[in-house]
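Morning, everyone. Please look at the screen, and follow along as I go from strands to helices and back.

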Amino acid sequence: MQHCRLISQASAQRRRLRVIPRTQITAGISMPVLRTLSKVARQALLSTPGCGCQPLTVAVRNISFSPRQVTSDASFHSVSFSETDHPKVLITGGLGQLGVGLAKLLRKRYGKNNVILSDIRKPPSNVFHSGPFIYSDILDYKNLREIVVNNRITWLVHYSALLSAVGEANVSLARSVNITGLHNILDIAAEHGLRLFVPSTIGAFGPTSPRNPTPDLCVQRPRTIYGVSKVHAELMGEYYHHRYGLDFRCLRYPGIISADSMPGGGTTDYAVQIFHDAIKTGKFECNLKPDTRLPMMYIDDCLRATLEVMEAPADSLSMRTYNINAMSFTPDELAQELRKQMPELQVTYDVDPVRQTIADSWPMNFDDSNARRDWGWKHDYDLPELVQTMLNYFGAETRMAHIN
Ligand SMILES: NC(=O)c1ccc[n+]([C@@H]2O[C@H](COP(=O)([O-])OP(=O)(O)OC[C@H]3O[C@@H](n4cnc5c(N)ncnc54)[C@H](O)[C@@H]3O)[C@@H](O)[C@H]2O)c1
Ligand SMILES: C[C@@H](O)[C@H](N)C(=O)O
């Protein structure tokens with residue numbers, strides 16, 4: 001307990017509050033002036049391809065050079081908020097493993113009504129009653145745009161995706177959600193001057209990438225549709241940043257471990273399932289080999305990293321896509337750590353060839369030194385703290401169930 005308290009005190013100190021930079025302001029500029037700016041911008045862009053110069057890209061993004069070929073007469077009322085205002089956040093795919101936790105964290109910080117969760121699924125009642133929820137299919141571009149406009153959204157966290165194992169089982173749906181959906185998100189974000197967060201993953205690397213450790217910049221030739229779509233997202237986001245000035249921010253998450261939400265069909269899911277099965281039955285059948293090493297992170301670290309990179313001043317970001325890491329372990333090492341508190345735990349192995357092939361192509365250790373240097377990333381949870389925290393959660397849950 002003392003140890004846990006020290007960790008949370010240290011992390012509280014680390015969570016320095018940062019001032020949210022002002023978004024681009026174009027309100028108040030008349031249409032003729034905007035048109036002239038557009039013309040100048042077009043010429044400048046044509047003569048200097050890839051120029052990410054801010055004043056020009058604001059004009060470009062909001063009128064005729066919009067990525068969706070919006071006509072020059074279209075009038076976008078770009079959202080402006082002062083430094084004392086909070087961002088208005090939309091989270092897509094918010095009912096998965098990560099979205100509800102992120103909404104909780106952001107609502108604590110920016111106010112309940114400033115964070116809207118969205119998904120295509122029906123929310124459980126506790127989620128529905130905990131703050132704004134809205135139906136949003138990221139494949140429906142007009143509906144997305146309506147939500148952004150009507151709610152004066154300023155930040156978009158794009159969580160919708162099909163994960164690695166589910167993606168291999170349904171390639172065409174994964175291609176559509178992960179790639180076509182991303183195109184919609186990028187265009188909406190660019191047109192409305194949003195700050196956009198899109199998570200990438202250790203799965204954006206492949207068998208020809210250096211695996212131990214994997215740096216930010218290296219060969220990326222993933223062999224899953226999930227990985228291919230995430231490399232595409234990284235590159236498209238960075239392209240829109242340089243081309244249109246989109247405030248794109250991206251973290252490559254490791255496998256995320258959470259107690260109160262279930263993973264959505266990935267290769268790292270075993271590291272969550274083991275806790276549920278261990279508590280319920282004292283047994284666990286693992287679908288990866290015992291020595292499969294993968295980077296992992298406790299959900300609180302992942303969500304805090306997301307908040308921190310979203311709040312980081314733009315000039316502290318030397319890149320737009322960062323690896324983040326906390327720990328790396330194998331199923332056998334996780335089982336050994338659990339056995340320190342549950343000596344009776346029995347783990348057997350029934351390897352799933354699809355997941356094993358994916359895991360064997362992914363990083364074993366992640367080099368996140370750039371995130372640590374640029375915006376002060378630091379994880380709180382190593383393997384022992386992770387296991388203790390998960391068991392504490394399930395212990396408390398069981399006690400509550402007995403009381404009720
Ligand atoms: N959980 C992890 O271990 C992990 C690791 C690395 C990266 N990520 C990334 O983080 C993001 C969130 O991950 P997660 O674990 O919460 O995913 P998840 O699979 O649990 O949830 C994804 C959500 O997307 C929704 N969705 C699917 N199609 C949609 C559509 N057409 N429109 C709107 N929503 C749709 C689903 O209903 C689901 O609720 C994903 O982009 C994922 O790639 C997650
Ligand atoms: C690693 C991550 O992207 C996800 N948990 C998966 O396994 O697919």
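Start with a pair: Trp155 stands opposite Arg195 in strand E5. A word on the source: this is a predicted model, where local features need pLDDT of at least 70, side-chain atom pairs count only at pLDDT 80 or more, and totals for chains, interfaces and linings use all residues. Residues are numbered from 1 along each chain as its sequence is written, chains are lettered from A and ligands numbered from 1 in the order in which they are written, and side-chain values use heavy atoms, with hydrogens and water left out.

E5 covers residues 195-197, and E4 pairs with E5 in the parallel sense over three bridges. Strands here are DSSP runs of E, at least two residues; helices are runs of H or I, at least four; both are numbered from the N terminus. Two strands pair if DSSP finds at least two bridges between them.

E4 also pairs with E1, residues 89-92, in the parallel sense, over four bridges. There, Ile91 has Val157 of E4 as its bridge partner.

Which way do the side chains of E4 point? Trp155 and Val157 go one way, Leu156 and His158 the other. In a regular strand, side chains alternate between the two faces of the sheet. All four of these E4 residues are buried (under 20% relative accessible area, with a 1.4 Å probe and protein chains only).

Now helices. H4, residues 99-110, packs with H11, residues 299-311, at about 50°, axes 9 Å apart. Therefore H4 counts as oblique to H11. Axes are lines fitted to C-alpha atoms, for helices over the stretch in contact, and angles run from 0 to 180 degrees between N-to-C directions. Oblique is what remains after under 35 degrees (roughly parallel), over 145 (roughly antiparallel) and 65 to 115 (roughly perpendicular).

Who makes the contact (heavy atoms within 4.5 Å)? From H4, Leu102 and Leu105 are among them; from H11, Leu303 and Arg304 are included.

Next, an open sheet of three strands, order E8-E10-E12, with mixed pairing. E8 (255-257) and E12 (327-329) stand at the edges with a single partner strand each, so one side of each has no neighbour in the sheet. On average, neighbouring strands of this sheet are turned by 45° against each other, direction ignored.

E10, residues 294-298, runs antiparallel to E12, joined by three bridges. Leu294 stands opposite Phe329 in E12.

Finally, back to H11. H11 lies across E8 and E10, at about 80° to E10.

Definitions and conventions: Buried means under 20% relative accessible area, exposed over 50%, partly exposed in between (1.4 Å probe, protein chains only). Contact means heavy atoms within 4.5 Å.
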